[in-house]
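Subject: Handing over a structure

Hello,

Here is the structure I promised to pass on to you. Please open it alongside this note, and I will walk you through what turned up.

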Amino acid sequence: MAEETRMMGYYVVIPNEVMFDENLMANAKLLYGQIALLTEKEGYCWASNKFFADKNNTSEKSISKWINNLADNNYIKLEYEHLGVNNIRKIFLNTSFKHKK
């Protein structure tokens, strides 16, 4: 699996804006780093919640909560492509951090 190979032997960088945002769950911050790593090649991440759940030894429901936490605070943008019965999710980073009011 390409994503699995990409995750092994690398480290993640979490920007200060993400790391110290009190609105984010702690594990959402770590997930942000993983998403950032997986966006390097294509400009977006298309790893599934199952992939992240397996890597983080947690449930897909927890991953969904963390992704929604990041999206609700404008750190990521989600796009969906509907291909017949399958949906493909693309996760884009919002690196401008203009979510602060």
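How many residues does α3 have, and how far does α3 reach from its first C-alpha to its last? The helix has 14 residues and reaches 21 Å, close to the 20 Å expected at 1.5 Å a residue (the expected span is 1.5 Å times one less than the number of residues). Helices (H or I, at least four residues) and strands (E, at least two) are DSSP runs, numbered from the N terminus.

Before going further, a word on the source: this is a predicted model, in which local features need pLDDT of at least 70 and side-chain atom pairs count only at pLDDT 80 or more, while totals for chains, interfaces and linings use all residues. Residues are numbered from 1 along each chain as its sequence is written, and side-chain values use heavy atoms, with hydrogens and water left out.

Back to α3: 11 of its 14 residues are buried, so this helix is largely enclosed by the rest of the structure. Buried means under 20% relative accessible area, exposed over 50%, and partly exposed in between (1.4 Å probe, protein chains only). Among the buried residues of α3 are Lys29, Gly33 and Gln34.

Next, the partner helix. The axes of α3 (residues 26–39) and α5 (residues 60–72) come within 9 Å and cross at roughly 80 degrees. Axes here are lines fitted to C-alpha atoms, for helices over the stretch in contact, with angles from 0 to 180 degrees between N-to-C directions. That makes α3 roughly perpendicular to α5 (65 to 115 degrees). On the α3 side, the contact (heavy atoms within 4.5 Å) is made by Asn27, Ala28, Leu31, Tyr32 and Ile35; α5 brings Ile63, Trp66, Ile67, Asn69 and Leu70.

The largest nonpolar core has 21 residues, and Phe52 and Leu70 have the most contacts inside it. Such a core is a set of buried Ala, Val, Leu, Ile, Met, Phe, Trp, Tyr and Cys residues joined through side-chain atoms within 4.5 Å. Its largest share, six residues, comes from α3. Not counting residues up to four places away in sequence, Leu70 touches Leu24, Ala28, Tyr32, Ile35, Tyr75 and Ile76.

Finally, two loop residues. Asn57, in the loop between α4 and α5, has a positive phi of about 50 degrees although it is not a glycine. Asn74, in the loop between α5 and β1 (76–83), has a positive phi of about 65 degrees, and it is not a glycine either.

Best wishes

Key
Angles under 35 degrees count as roughly parallel, over 145 as roughly antiparallel, 65 to 115 as roughly perpendicular and the rest as oblique.
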